[in-house]
Amino acid sequence: MERSSPAVLLSVLFFGIAMLYLPILVLIGYSFNASPLVNVWGGFSTAWYGQLLHNRQLLQAALLSLEVALTASTGAVLLGTLAAIALVRFARFRGRLLLTGMVNAPLVMPEIITGITQLLLFVSMMQLFSWPHRGFTTIVLSHITFCTAYVTITVQSRLQGADRSLEEAAMDLGASPARAFLEVTLPIISPAIISSWLLCFTLSLDDLVISSFVAGPGASTLPMVIYSKVKLGVSPDINALASLIVCAVGVCIIAAGYLMARADRRRAQETQLAGR
Amino acid sequence: MKSTWRPGRWLIILPPLIFLTVFFLIPFAFAFKISFAEAAPHVPPFTDVFSFTPDHHLRLAVSLGNYRYLITDEVYGVAYLYSLRTAFFSTLICLALGYPMAYAIARSPKSAQGLLLLVIMLPFWTSFLLRVYALEGIIRDNGFLNTVLLHLGVISHPLRIMRTSLAVYIGIVYSYLPFMVLPLFATLEKLDPLLLEAAADLGSTPRRAFVDITLPLSLPGVIAGSMLVFIPAVGEFVIPSLLGGPNNLMIGRVLWDEFFGNHDWPVASAVAIGFLLLLAGPIAIYQYYNVRQLEA
């Protein structure tokens, strides 16, 4: 569909986009306010950023969150890619419907339900097998569960678009199915794998509700610390922290998007050349 | 292709299947079981539903008290209804705002589409919690919106938005709008412009063509987007907790308080099971459309 849009449509579009971005921009503005009062502009200052470095509780929580996010997104990418391959390549197997359901349901399941049910599982497992202790392990396990769904959906659509004849050609030339998959199809779906890893990383880094249930009394992730601080009222150092996180994530995503678009273009060109 | 026994297949299928069964499906069974237990002052804080008597007989101690409590105590009914109503109207607002946005993106030149989609998606990648917190900076009594409006002389007293239902609506629409725009865009993009031209050639007005062609063809996107907003919004906790007032009791917040405030795990489990039953219909609709779209 390529036709010019009426002004009404465009203005709604820009209103929507402005609504999505205004709060974040204002937040970044506040983070440079020297005055701790929100409605008074006390001049430009980076003091709140400096204070972050001395907040041990925040730093510890940030470290835990990063460790969790790295482990969980890697685990989710492995499981999710396997699930995507199973769903796209194997038309019929026992448990297919179950797998499809379990891959899609976490996307819409309210976090609070997932959180409470998983906690009850972990507590019951602890009674039966004395494992897992609540903390890092349980947070990672629950994050892998909801992240896997996002990986599967992303990789699945990419895999469906991948041309199978290339893989078949590799097998005709003597490659084993596994080798054909690894050398031909894996590079084609790798942008989807990378982008879903990034998505899982940010989702895990951001999760408050599920982590709060499964973390247990000892461990606090960054969102849990932020939530408890924000609940008490406005704190200027959280403005600074939030601005840092938002900018870091934004830069990473834009860079990743750019790199993937470039890789895609190059591949399209190569296919065109090969077709000639 | 004839399906034969190939062990390699199961090496691919089984890890995700087992993991998700253990950590996604089985937890519901435990929640179901514990919803029939009673709160008890030990660790973990509930009684055993199944236990063995000293002479190795299985003993079943089922208590329906939690469900009775759920039905008789007004708080839960009110919270369920309030959550459903809030999620329903937020979904409508998202649809009203998201449809024109998706339509405008679908009709813009291909070169601009990628950028516009990235702009819509970017907030989805940034922290949900931090975005809700950022929204507070806009709508609180001495926030950005009131400061600007007072300065311009539009209002003489600050608008009271924080801790009201309106704040919860704004929060949900703000947070979930991208989930509405993306599936709508996906269906609108596939729409063949020749159909609209044909309708115009046959004398149909643009409005008529929209109602007769565009709208029905984009229905799967409307349903997918609505479910992606509605279902999580019913269970929303962060938004009513940070932006809403004490009257904006959504079920997620009740569940949270029951769990962390009262430490009543069995009642919390019963609330969760009741809540899940409430959502079974919408989740089934979502799954049905999703599977159909993926298989297509």
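Two residues are taken to be in contact if their C-beta atoms, placed from the backbone, lie within 7 Å. The model examined here is predicted.

On this criterion, Gly221(B) touches Pro183(B), Leu184(B), Ala186(B), Thr187(B) and Leu188(B), leaving aside residues up to four places away in sequence. Gly221(B) itself sits in helix α10 of chain B, which covers residues 219–234. The glycine is buried, because 26 other C-beta atoms lie within 10 Å of its own, and 20 or more are enough for that class. Tyr289(B) is 68 residues away from Gly221(B) in sequence. In space, the C-alpha atoms of Gly221(B) and Tyr289(B) are 9.2 Å apart.

Chain A has 11 helices and zero strands. Its pattern along the sequence is accordingly written α-α-α-α-α-α-α-α-α-α-α. Of the 276 residues in chain A, 43% are buried. Contacts in chain A were also sorted by sequence separation. Among those between residues at least 6 apart, 75% join residues at least 24 apart.

The two chains meet in a contact that takes 69 residues from chain A and 78 residues from chain B. On the side of chain B that touches chain A, helix α1 of chain B (residues 7–34) gives the largest share, with 17 residues. By class, this side of chain B holds 61 nonpolar residues, 12 polar residues and five charged residues.

How values were computed: Residues are numbered from 1 along each chain as its sequence is written. Chains are lettered from A and ligands numbered from 1 in the order in which they are written. This is a predicted model: local features need pLDDT of at least 70, side-chain atom pairs count only at pLDDT 80 or more; totals for chains, interfaces and linings use all residues. Helices (H or I, at least four residues) and strands (E, at least two) are DSSP runs, numbered from the N terminus. Ala, Val, Leu, Ile, Met, Phe, Trp, Tyr, Cys and Pro count as nonpolar, Asp, Glu, Lys and Arg as charged, and the others, Gly among them, as polar. A residue is buried if 20 or more other C-beta atoms lie within 10 Å of its own, exposed if 12 or fewer, and partly exposed in between; C-beta atoms are placed from the backbone.
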